[in-house]
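I opened a notebook page for this one.

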Amino acid sequence: MPKILVLYHSTYGHIEAMAEAVAEGAREVEGAVVDIKRVPELVPDELAKASGYKLDQAAPIAKVEDLANYDAIIIGAGTRFGTVASQMRNFLDQTGGLWFNGALVGKVGGAFTSTATQHGGQETTLMGLVQTLMHHGLIVVGLPYAFQGQMNMDEIVGGSPYGATTLTKGDGSRMPSQIDLDGARFQGKHIAEIAKKQFG
């Protein structure tokens with residue numbers, strides 16, 4: 001049965017909520033084994049506390065070598081100035097040994113993200129993550145328009161064909177909407193279904 005890893009970094013809890021939704025969707029696929037792990041936080045504890053970081057996240061800390069143990073890897077992290085948060089980039093930059101050995105070739109991958117604003121770099125962040133997945137030889141799966149919630153124009157919604165997204169507002173007060181979470185679930189299930197066909 002396919003083993004799925006949802007790997008994330010979350011500062012204020014938005015991506016953590018999206019990661020849980022991605023995992024829920026993946027678990028809908030019969031036989032899928034789904035783990036949620038997070039990358040290490042690089043900000044010192046005192047600064048993280050002073051900045052209001054969400055420090056009670058239950059997901060265990062991932063190790064780089066963990067990635068080779070999964071059939072699908074779904075990566076989520078927030079956007080910083082139009083690119084992925086440095087905590088995730090730092091973790092991925094340590095995967096050179098996996099790349100050298102072709103340890104991730106043929107696995108299934110995808111990405112999800114958040115931004116403060118509608119045009120804050122969701123697609124550039126997702127494409128940057130997709131580039132990394134492709135360099136590792138993963139089969140990349142986005143959020144197809146079969147998930148029609150991303151086309152809703154009656155309210156602000158996340159979602160892109162490159163992956164599930166959410167918008168946090170400039171002060172971080174907007175948590176993922178139902179549509180955003182549904183998009184994350186859809187992508188998680190979609191990736192798990194493809195992984196099951198590939199490895200199940």
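**Salt bridges**

I started at lysine 54, which is partly exposed with a relative accessible area of 28%. My scale: buried is under 20% relative accessible area, exposed over 50%, and partly exposed in between, with a 1.4 Å probe and protein chains only. This is a predicted model, where local features need pLDDT of at least 70 and side-chain atom pairs count only at pLDDT 80 or more, while totals for chains, interfaces and linings use all residues. Residues are numbered from 1 along each chain as its sequence is written, and side-chain values use heavy atoms, with hydrogens and water left out.

I searched the whole structure for salt bridges and got eight. The criterion is a side-chain nitrogen of Lys or Arg within 4 Å of a carboxyl oxygen of Asp or Glu.

Lysine 54 pairs with glutamate 16, with 2.8 Å between the closest N and O atoms. Glutamate 16 is in helix H1 (residues 14–27) and lysine 54 in the loop between helix H2 (45–50) and S3, so the bridge ties together parts 38 residues apart in sequence. Helices (H or I, at least four residues) and strands (E, at least two) are DSSP runs, numbered from the N terminus. Glutamate 16 counts as buried, at 8% relative accessibility.

Next I checked glutamate 24. Its salt bridge goes to arginine 185, with the closest N and O atoms 2.7 Å apart. That pair links distant parts of the chain, helix H1 and helix H6 (residues 178–199), 161 residues apart. Glutamate 24 is partly exposed at 40% relative accessibility, and arginine 185 is partly exposed at 21%.

I also noted arginine 174 with aspartate 180, at 3.1 Å from N to O. Aspartate 180 is buried, at 1% relative accessibility. Shared partners join Glu16, Lys54 and Asp56 into one salt-bridge network.

**Cavity**

How many cavities of 30 Å³ or more does the structure hold? I found one. A cavity here is a set of points on a 1 Å grid over the protein atoms alone where a 1.4 Å probe fits but cannot get out; lining residues have an atom within 4 Å of a point. The largest cavity has a volume of about 50 Å³. Its lining includes Leu67, Ile73, Ile75, Thr132 and His136. Strand S3 (72–80) and helix H5 (122–135) are the elements that give two or more residues to this lining.

**Record**

UniProt lists residues 4–191 as "domain: Flavodoxin-like" in an unreviewed entry. I computed 9 Å between the end C-alpha atoms of that span, which is 32% helix and 19% strand.

Note on methods. UniProt positions renumbered as here; feature names shortened; annotations may be inferred. 1 Å grid on protein atoms, 1.4 Å probe; cavity = no way out; pocket = protein on both sides within 12 Å on 5 of 7 lines; lining within 4 Å. Points joined across faces, edges and corners; volume = space filled by probe spheres on them.
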